[in-house]
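Visitor: I'd like to go through this one with you and ask what stands behind the labels. Could you show it to me?

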Amino acid sequence: QVQLVESGGGLVQYGGSLRLSCAASGRTISSYRMGWFRQAPGKEREFVAAISRSGGTTFYADSVKGRFMTSRDNAKNTAYLQMNSLKPEDTAVYYCAADPDLTIITYTAYANHRKYDYWGQGTQVTVSS
């Protein structure tokens, strides 16, 4: 079983940048595909980005494409979400998630939060206008 801890959230102005980290322990993350999701108050959890086990394939929600980039360093057992050109509508609690299912290969599956077994506690990102 893998444990995930997010960090790097905070308050940033419109147009600013943040880098979130997701540090794993218990198991090496090279065995897991990694996803990033967010949830704003009163809204459902939504997909942000995901990355395959090797890092060779990434997926992004349309709302963040071109502004956010996910990466991973399996040697450091950490995944990252670089967020640029932040907007107030990006304000949410951001979660990283991990899942070992090797059969998941499509965007639809990667973007489905129900297909991730392990979750971090979340980190708050607030973008002021």
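Visitor: Let's start with Arg 67. Why is Arg 67 called buried?

Guide: Buried is the label for under 20% relative accessible area, exposed is for over 50%, and partly exposed is in between, with a 1.4 Å probe and protein chains only. Arg 67 has 10% relative accessibility, so Arg 67 counts as buried. You'll find this arginine in the loop between β6 and β7. Bear in mind that this is a predicted model: local features need pLDDT of at least 70, side-chain atom pairs count only at pLDDT 80 or more, and totals for chains, interfaces and linings use all residues. Residues are numbered from 1 along each chain as its sequence is written, and side-chain values use heavy atoms, with hydrogens and water left out.

Visitor: What does Arg 67 touch, not counting residues up to four places away in sequence?

Guide: Contact means heavy atoms within 4.5 Å. On that basis Arg 67 touches Gln 82, Met 83, Asn 84, Ser 85, Leu 86, Lys 87 and Asp 90. With Ser 85 there's also a polar contact, that is, a pair of N or O atoms within 3.5 Å; within protein, one must be able to donate a hydrogen and the other to accept it, and residues adjacent in sequence count only if both atoms are side-chain atoms. Here a polar atom of the Arg 67 side chain lies 2.9 Å from the backbone oxygen of Ser 85.

Visitor: And Ser 85, what makes that residue partly exposed?

Guide: Ser 85 is at 42% relative accessibility, so Ser 85 counts as partly exposed. The serine lies in the loop between β8 and β9, and has a positive phi of about 50° although it is not a glycine.

Visitor: How do you know that Cys 22 and Cys 96 form a disulfide?

Guide: A disulfide is a pair of cysteine sulfur atoms within 2.5 Å, and the sulfur atoms of Cys 22 and Cys 96 are 2.0 Å apart. The bond ties together distant parts of the chain, with Cys 22 in strand β3 and Cys 96 in strand β9, 74 residues apart. A search of the whole structure turns up one disulfide, and both Cys 22 and Cys 96 are buried.

Visitor: Why is the disulfide of Cys 22 and Cys 96 called right-handed?

Guide: The torsion about its S-S bond is about 60°, so the disulfide is right-handed.

Visitor: You keep naming strands. What makes a stretch a strand?

Guide: Helices (H or I, at least four residues) and strands (E, at least two) are DSSP runs, numbered from the N terminus. Two strands pair if DSSP finds at least two bridges between them. β3 and β8 have six bridges and run antiparallel, and Cys 22 stands opposite Ala 79 in β8.

Visitor: What is the strand order in the open sheet, and which strands are its edges?

Guide: The order is β1-β3-β8-β7, with antiparallel pairing. The edge strands are β1 (3-7) and β7 (68-73), since each pairs on one side only.

Visitor: Why does Asn 77 count as buried?

Guide: Asn 77 has a relative accessible area of 15%, so Asn 77 is buried. Asn 77 sits in the loop between β7 and β8, with phi near 55°, a positive value in a residue other than glycine.

Visitor: Then Thr 78: why buried?

Guide: Thr 78 is at 10% relative accessibility, so Thr 78 counts as buried. Thr 78 is in strand β8, and a polar atom of its side chain lies 2.9 Å from the backbone oxygen of Lys 76.

Visitor: Last one: what makes a nonpolar core?

Guide: A nonpolar core is a set of buried Ala, Val, Leu, Ile, Met, Phe, Trp, Tyr and Cys residues joined through side-chain atoms within 4.5 Å. The largest one here has 39 residues, and Leu 4, Met 34, Val 48, Phe 68, Leu 81, Met 83 and Tyr 94 touch the most other members.
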